[in-house]
Amino acid sequence: MKQTSFTEDQLTDALRALKADTSDERFRLLTSEPPKARIRPLLWYGVAASVAMLIVAASIWQSSWSIHPDTTPTATTATVDENLSQLVGQSIAAQTQAQQQRTLTNDIVSEHLSLVEP
Amino acid sequence: MEAMSEEQFNEIATRERGQLMKSALGMLGDEELAADAVQEALVNLWLFRDRMDTNRPASPLLSTILRNICLMYLRNRKRRQPHIGLESIPPSQLHIAVTASDNPQQDLEARERAEAVRQALARLSPPHQAVLQMHYSAGLSIQQIANIRNATTAAVKQMLLRARTALRAEIERRNP
């Protein structure tokens, strides 16, 4: 047989006779979910969830400091307590001193008046 | 279950092509290879149209087909196998289906012609192989091929004509 004697119709028929693989096996191969594709989104979801949690934690931390704008983040609770007790001590000492001065003044005035009176 | 019509296919191909191209480019990192993968995915959608439920959206299935094709391309690349595009169904794997007639002699000749064409087809350039297989083996119309390739129908007709001429020349060269 001489293939060079192909007519246009014969060439078309020959081309149409060549069929692509449409078996069930190939269909399954093409339409099955690839294993990597199942794992990869889970990884991305994990990363996205971690980032979201970090963002939320950071925003909560920042907002907790913004409630007390005068407090510097370096001050610790212990330092604050220490300063407070120091201030209370100083205040009590000042009050005691003022009381002593008042008593002393009263004594001097009384003594002076007793001297003045006949 | 109703089989996908040509109009439905054209609509899906036009609508999904851009998104599919982005996905394929993301996986393969090569524009030409990505275009081939998208083309192959759409051709397979058409080939398996009888098994698809037209009431369901085509995009998830199309994405799965594309991913599998891209993975095949990547595996071939790792093995350093040459890329053959739609011809990842190489002509050697196309099976010959000659409709039996009353004349066995004619059937035999038709089978021999098909075999000669299959051998010559394997020697054509990948774009020529692709367009001939899409039109004749997969049964896609000129308009469908134009939608798949994002080309005009005139360009597809021109390419088909050139591919047929090249095929005929190859047959004559092999059988002087």
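Contact here means heavy atoms within 4.5 Å. Helices (H or I, at least four residues) and strands (E, at least two) are DSSP runs, numbered from the N terminus. The model is predicted: local features need pLDDT of at least 70, side-chain atom pairs count only at pLDDT 80 or more, and totals for chains, interfaces and linings use all residues. Residues are numbered from 1 along each chain as its sequence is written, chains are lettered from A and ligands numbered from 1 in the order in which they are written, and side-chain values use heavy atoms, with hydrogens and water left out.

Chain A contains four helices and one strand. From the N terminus on, their order is α-β-α-α-α. Of the 118 residues of chain A, 12% count as buried. Buried means under 20% relative accessible area, exposed means over 50%, and partly exposed lies in between (1.4 Å probe, protein chains only).

In chain B, helix α6 (residues 142-149) is mostly covered. Six of its eight residues are buried. These are B:Ile142, B:Gln144, B:Ile145, B:Ala146, B:Asn147 and B:Ile148. The cover over them includes α1 (6-28), α2, α5 and α7 of chain B. Just after α6(B), B:Asn150 takes a positive phi of about 55°.

The two chains meet in an interface. The size of an interface is often given as the accessible area lost when the parts come together. Buried area is the accessible area (1.4 Å probe) that two parts lose on being put together, summed over both. Chain B and chain A bury about 3400 Å² between them. Carbon and sulfur atoms hold 64% of that area. On the side of chain B, B:Arg113, B:Tyr136 and B:Arg168 lose the most area to chain A. Together they account for 19% of what that side buries.

The contact takes 30 residues from chain A and 38 residues from chain B. Between the chains, twelve residue pairs are in polar contact, both residues being at pLDDT 80 or more. A polar contact is a pair of N or O atoms within 3.5 Å; within protein, one must be able to donate a hydrogen and the other to accept it, and residues adjacent in sequence count only if both atoms are side-chain atoms. Several elements of chain B each supply at least two residues of the side that touches chain A: α2 (31-47), α3 (59-78), β1 (95-96), α4 (104-121), α5 (126-137) and α7 (153-174). By class, that side has 22 nonpolar, six polar and ten charged residues. Ala, Val, Leu, Ile, Met, Phe, Trp, Tyr, Cys and Pro count as nonpolar, Asp, Glu, Lys and Arg as charged, and the others, Gly among them, as polar.

Strand β1 (residues 18-19) of chain A is joined to β1(B) by two bridges, and the strands run antiparallel. Two strands pair if DSSP finds at least two bridges between them. A:Lys19 stands opposite B:His95 in β1(B).

B:Ile65 lies in helix α3 of chain B. At 1% relative accessibility, B:Ile65 counts as buried. Residues touching B:Ile65 include A:Leu30 and A:Thr31 from chain A, and B:Ala41, B:Asn44 and B:Met52 from chain B, not counting residues up to four places away in sequence. B:Ile65 and B:Ala37 are 28 residues apart in sequence, and their C-alpha atoms are 9.5 Å apart in space.

Side chains of opposite charge can pair when their charged atoms come close. A salt bridge is a side-chain nitrogen of Lys or Arg within 4 Å of a carboxyl oxygen of Asp or Glu. The whole structure has nine salt bridges over all chains. Five salt bridges form between chain B and chain A.

In one salt bridge, A:Glu8 meets B:Arg164 at 2.7 Å, N to O. A:Glu8 lies in helix α1 (residues 8-17) of chain A and B:Arg164 in helix α7 of chain B, so the pair joins two chains. A:Glu8 is partly exposed at 45% relative accessibility. B:Arg164 is buried at 13%.

A:Asp24 forms a salt bridge with B:Arg51, with the closest N and O atoms 2.7 Å apart. A:Asp24 lies in helix α2 (residues 24-31) of chain A and B:Arg51 in the loop between α2 and α3 of chain B, so this pair joins two chains. Both residues are partly exposed, A:Asp24 at 47% relative accessibility and B:Arg51 at 32%.

Within chain B, B:Arg15 forms a salt bridge with B:Glu16, the closest N and O atoms being 3.2 Å apart. B:Arg15 is partly exposed at 48%, whereas B:Glu16 is buried at 12%. Salt bridges that share partners join A:Glu8, B:Arg164 and B:Arg168 into one network.
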